[in-house]
Amino acid sequence: MAALAGKLVLIGAGKMGGAMLDGWLKQGTAPEQIAISDPMVSDEMKALAAEYGFAVNPDLAEVTNVEIVLLAVKPQMMAQVLPALQALQGDKPLYLSVAAGCTISGFEAAFGADAAIIRAMPNTPAAVGRGITAICPNANCSETQVDLASSLLSAIGQVVKIDDEKLMDAVTGVSGSGPAYVFHLIECMAAAGEAQGLPADIAMQLARATVAGAGELVHQSPLAASTLRENVTSPAGTTAAALEVLMADDAMPRILREGIAAATKRSEELAG
Ligand SMILES: NC(=O)c1ccc[n+]([C@@H]2O[C@H](COP(=O)([O-])OP(=O)(O)OC[C@H]3O[C@@H](n4cnc5c(N)ncnc54)[C@H](OP(=O)(O)O)[C@@H]3O)[C@@H](O)[C@H]2O)c1
């Protein structure tokens, strides 16, 4: 795992930034190598800073030996944040952004065509260390910088590398927005259980635990998802009866294909 030699400056210590910071501290990153910048630091963040001793809102012009600047503000805040970061440019840091829809060319325009930039797309299970992040480096990034970014992002889950930035919209459609589809699946399963006579709370508990358990099984098992599905589907059994409906006329594949296509298109529009 690539180790951080210089300093890491986190811009935006909200949900995503906070989850990453939590992971780095748990993984043993030295607090003196971390500085956070956020105009409204939460009480939890203040308590964490008091416990570990990392810098909070230092004068960015005074921070030296910056190896990586991690941008975790909302995309609409990005234009406001970038000018303040000029102060860090002397160190030629790697800029790693997790902001949805903020493109590499936008960062190159702000930091220079020779700046090392990685655009990343994480997802919400990052909050429990079980996210997946796709990273897309520009041509200026060294292998060491890509390794370092992967290693920092592994604090919140798995990391995959994408070489073609255009595919970041499809990543957004599958994994970025994906947790919401699964939450909706839970809602639909619970409602369907209620329709079969189950009390609402029991139906919801059954649906939540089933999705969480199936997710854990697919996470731990080396088997393909299709094999896991086949393994629980006895011929002419109950699961087969349901799957006949879900798979008939391409029903479930079609609805997901269309949903993910809509998310991908929206991501393209937002990236402008
Ligand atoms: N959460 C996710 O699952 C997820 C998934 C994929 C990508 N992302 C990306 O991650 C980024 C952060 O999302 P989030 O959910 O963590 O949002 P968030 O909880 O609102 O965090 C953003 C943080 O940045 C702070 N901030 C605002 N202006 C700032 C400035 N000028 N300088 C420094 N910090 C500033 C915000 O402070 P205030 O609250 O005071 O405004 C907030 O603490 C977004 O770009 C999003 O696209 C998030």
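This is a predicted model: local features need pLDDT of at least 70, side-chain atom pairs count only at pLDDT 80 or more; totals for chains, interfaces and linings use all residues.

Student: How is the protein divided into domains?

Tutor: There's domain 1, covering 7-168, and domain 2, covering 176-271. Their centres, taken over C-alpha atoms, are 33 Å apart.

Student: And how many residues are in contact between the two?

Tutor: On the domain 1 side 7 residues take part, and they meet 6 residues of domain 2. By class, the domain 1 side has 3 nonpolar and 4 polar residues, with no charged ones.

Student: OK, the sheet. What's the strand order?

Tutor: The order is S3-S2-S1-S4-S5-S6-S7-S8, in an open sheet with mixed pairing. S3 (55-56) and S8 (157-161) are the edge strands: each has a single partner strand, so one side of each is left without a neighbour in the sheet.

Student: Which neighbours run parallel, and which antiparallel?

Tutor: Take S1 (residues 7-11) and S2 first: they run parallel, joined by 4 bridges. Within that pair, Ile11 sits opposite Ser37 of S2. S5 (residues 94-97) and S6 (residues 116-121) are also parallel, again with 4 bridges, and there Tyr95 has Ile117 as its bridge partner in S6.

Student: And past S6?

Tutor: S6 and S7 pair in the antiparallel sense over 4 bridges, with Met121 opposite Ala134 in S7. S7 then runs parallel to S8 through 5 bridges, and Ile135 stands opposite Lys161 in S8.

Student: How many residues of S7 are buried?

Tutor: 7 of its 7 residues are buried. Gly131, Thr133, Ile135 and Pro137 point one way, while Ile132, Ala134 and Cys136 point the other way.

Student: What about S2, are its faces covered or open?

Tutor: Covered on both faces: Ile34 and Ile36 are buried on one side of S2 (residues 34-37), and Ala35 and Ser37 are buried on the other.

Student: Which strands does H5 touch?

Tutor: Helix H5 (residues 143-153) packs on the sheet and touches S4 (66-71), S5, S6, S7 (131-137) and S8. The direction of H5 makes about 165° with that of S7.

Student: Which H5 residues are buried?

Tutor: Gln145, Leu148, Ala149, Ser150, Leu152 and Leu153. These buried residues pack against H1 as well as S4, S5, S6, S7 and S8.

Student: Switching topic: how many residues surround the ligand, and which are closest?

Tutor: There are 26 residues around the ligand, and the closest are Gly12, Gly14, Met16, Met40 and Ala99. Helices H1 (15-27) and H3 (78-81) are the elements that give two or more residues to that shell. H1 gives the most, with 3 residues.

Student: How does the shell divide into nonpolar, polar and charged?

Tutor: It has 15 nonpolar, 8 polar and 3 charged residues.

Student: Now the backbone. What's the phi of Asn57, and what's the phi of Asn65?

Tutor: Asn57 has a phi near 50°, and Asn65 has a phi of about 55°. Both values are positive in residues other than glycine. For context, most residues other than glycine have a negative phi.

Student: Where are they?

Tutor: Asn57 is in the loop between S3 and S4, and Asn65 lies in the loop between S3 and S4 too.

Student: Why does Asn65 count as exposed?

Tutor: Because Asn65 has 10 C-beta neighbours inside 10 Å, and the cut-off for exposed is 12 or fewer. Asn57 is partly exposed, with 13 other C-beta atoms within 10 Å.

Student: Last one: where is Met252, and what does Met252 touch?

Tutor: Met252 is in helix H11 (residues 251-271). Leaving out residues up to four places away in sequence, Met252 touches Leu246 and Met247. Met252 is partly exposed, with 14 other C-beta atoms within 10 Å.

Technical notes:
Residues are numbered from 1 along each chain as its sequence is written. Two strands pair if DSSP finds at least two bridges between them. Axes are lines fitted to C-alpha atoms, for helices over the stretch in contact, and angles run from 0 to 180 degrees between N-to-C directions. A residue is near a molecule or strand if its C-beta atom, placed from the backbone, lies within 6 Å of it. Ala, Val, Leu, Ile, Met, Phe, Trp, Tyr, Cys and Pro count as nonpolar, Asp, Glu, Lys and Arg as charged, and the others, Gly among them, as polar. Domain bounds come from an automatic or database domain assignment. A residue is buried if 20 or more other C-beta atoms lie within 10 Å of its own, exposed if 12 or fewer, and partly exposed in between; C-beta atoms are placed from the backbone.
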